Amino acid sequence: MSGLEDCQTQIWLRWLPIWRRNARVWRKLAGPALLGNIGEPLLYLFGLGYGLGFFVGQVNGMDYVVFLASGTVCASAMNTASFEGLYSAYTRMAVQDTWLGMFTAPLDLGDIVVGEAIWGGTKSLISAAAILLVAAGLGLVADWQALWVLPIAFLLGTCFASLALVVTSVSKSYDFFLYYFTLVITPMLLLSGVFFPLEQMPELIQQISAYLPLSHAVALVRPLMTGQAVSDILFHLGVIILYLVIALPIAIRMIKKRLLS
Amino acid sequence: MQINNVIEAKQLTKTYDEKCVVNKLDLTIPAGQCFGLLGPNGAGKTTTLRMLLGMTTPDSGELQVLQYSIPLQARQMRAQLGVVPQMDNLDPDFTVTENLYTYASYFGLCRSQVKDRIEYLLEFANLQSKRHARIDTLSGGMQRRLTLARALINQPKILILDEPTTGLDPQARQIIWQRLRHLQNDGMTIVLTTHYMEEAQRLCDQIAIVDQGRMIASGSPKELIDNNVEPHVVEVHGTELEHWLTERGEHLGARCERLMETVIFYLQDEQPLLQELMAKKGLEYLHRPANLEDVFLKITGRELRE
């Protein structure tokens, strides 16, 4: 029972123990965690959706609150995974030395970082599901095709968790993450069509937006939730996947460099 | 298959920013031995342990652990290794048993496979009554014992401990020593670093003293003492110390060291000095056998390492 045989038979599943460890911790604190994950997006949905929506009226041929609901799902997926990849991952990397403990077992940092990224995607999936449920209860979701939002939220979350892990790999403290939020996450939130459509914005803004992974998620999720036909599916998915497959190996390399000098 | 030497390092070298932290280090550790790596702060002990685990890649030299080439095959090797790190890194979100089950899962071991093992380890670490306790409610000694139990979850062939009793009170330290000796009697190979000479002297079969990345002495505790220092030590202090020293002159006929208000004599034959001291007023003295600390201080010097 050395454990050697077991772990060699499941090479492609080596990330799973990390994921399961995080899931077990999450389950213990699920109440407050869920509240944090979906409380804020719901406040936006109600506050902006119904409050601001009263003055805005129709956007792109739909009620503003309907327009906002799909944006909120994407924004929440991004935020949830980013927090997980920054604050929580940093705690496990630098404060609790959890990763070092995993490393002294036969896990490599590659397994650990992949496990963290997939866990970030899972948390995004959970928060997207919760918001979707509430939105459906409020009659803001058109039909069952909206369930396709869930795998997209998972992919988007894994992508943003990987980006966040790159930032975590060079961070000296929690304070550093404020730069990332101010310089990357918040502009992305405003330039991806979450709160307002971008068609009337200057050409430059629209060009920038075309490079942002969040705007491609919105381009998929909005028609899915409002019962419209989705176009350019592979292209939009491709952009998100591209960010993921670039960010994840960089995160692994940088974290190896940091911990395995 | 019996492996004779479980760890073999040849000419290991590691340099950080032009500072040579480990310098052409040779180590041979036979199976079943308790091996102590001693040295002042910054001597390269932790870097050496990191190299053994495959966490730090040596710049040059050869390293084999359990016949695996390190760092190339470090993952396979770590499956058969137990590690007690310098800082406890138990999972604060889990209870005692949850910590053990979770750690087992990192080895690919599932619940049913380790259920009995965990019961045994709880008993071994004397933590049965704490099985459902949260980590932050455990004392420092209990946390250390749990870290030790956790390191044994995979029935390792080698146990590596980085300063296992630093920061523990004497009672807690005694229990850890007892547990380590128990493992030693079962034939476990143990590699530990420590600052405590008493710990090394009690536990280790073989000791290597390193300083500035080089091995400067090695052998059993007894060999090290016999080969490096005189068997008797007399420490003298008191109000009349200055007067007595002047009176005797510098011809003390023995190797001695001045440490602030105390003079330490290292002697082959202690009787003449003891006779003399007994007759003196205003002088206190302590006669003791030479120990590993005397060796350590003699060969690494007394200046502070920070």
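What percentage of the 306 residues in chain B is buried? Buried residues make up 39% of chain B, a residue being buried if 20 or more other C-beta atoms, placed from the backbone, lie within 10 Å of its own, exposed if 12 or fewer do, and partly exposed in between. The structure is a predicted model, in which local features need pLDDT of at least 70 and side-chain atom pairs count only at pLDDT 80 or more, whereas totals for chains, interfaces and linings use all residues. Residues are numbered from 1 along each chain as its sequence is written, while chains are lettered from A and ligands numbered from 1 in the order in which they are written.

The C-alpha atoms of chain B fill a box of roughly 75 × 45 × 35 Å along the principal axes. Its secondary structure comprises 11 helices and 14 strands; these are DSSP runs numbered from the N terminus, with helices (H or I) of at least four residues and strands (E) of at least two. Of the contacts in chain B with a separation of 6 or more, 70% join residues 24 or more positions apart, two residues being in contact if their C-beta atoms, placed from the backbone, lie within 7 Å.

Strands of a sheet pair through backbone hydrogen bonds, either parallel or antiparallel. In chain B, 6 strands form an open sheet of mixed pairing, in the order β6-β7-β8-β3-β9-β10; two strands pair if DSSP finds at least two bridges between them. Strands β6 (81–84) and β10 (214–219) of chain B stand at the edges with a single partner strand each, so one side of each is left without a neighbour in the sheet. The twist averages 15° from one strand to the next, where axes are lines fitted to C-alpha atoms (for helices over the stretch in contact) and angles run from 0 to 180 degrees between N-to-C directions. Strand β9 (206–211) of chain B pairs with β10(B) in the antiparallel sense over 5 bridges, and Ile209(B) stands opposite Ala217(B) in β10(B). Helix α8 (221–228) of chain B packs on the sheet, touching β9 and β10 of chain B, and its direction makes about 105° with that of β10(B).

Between the chains, 25 residues of chain B are in contact with 27 residues of chain A. The largest share of this side of chain B, 4 residues, comes from α3(B).

Confidence in chain A is lowest in helix α1 (4–9), at a mean of 45, and highest in helix α7 (149–170), at 98.

How values were computed
pLDDT is the predictor's confidence in each residue, from 0 to 100.
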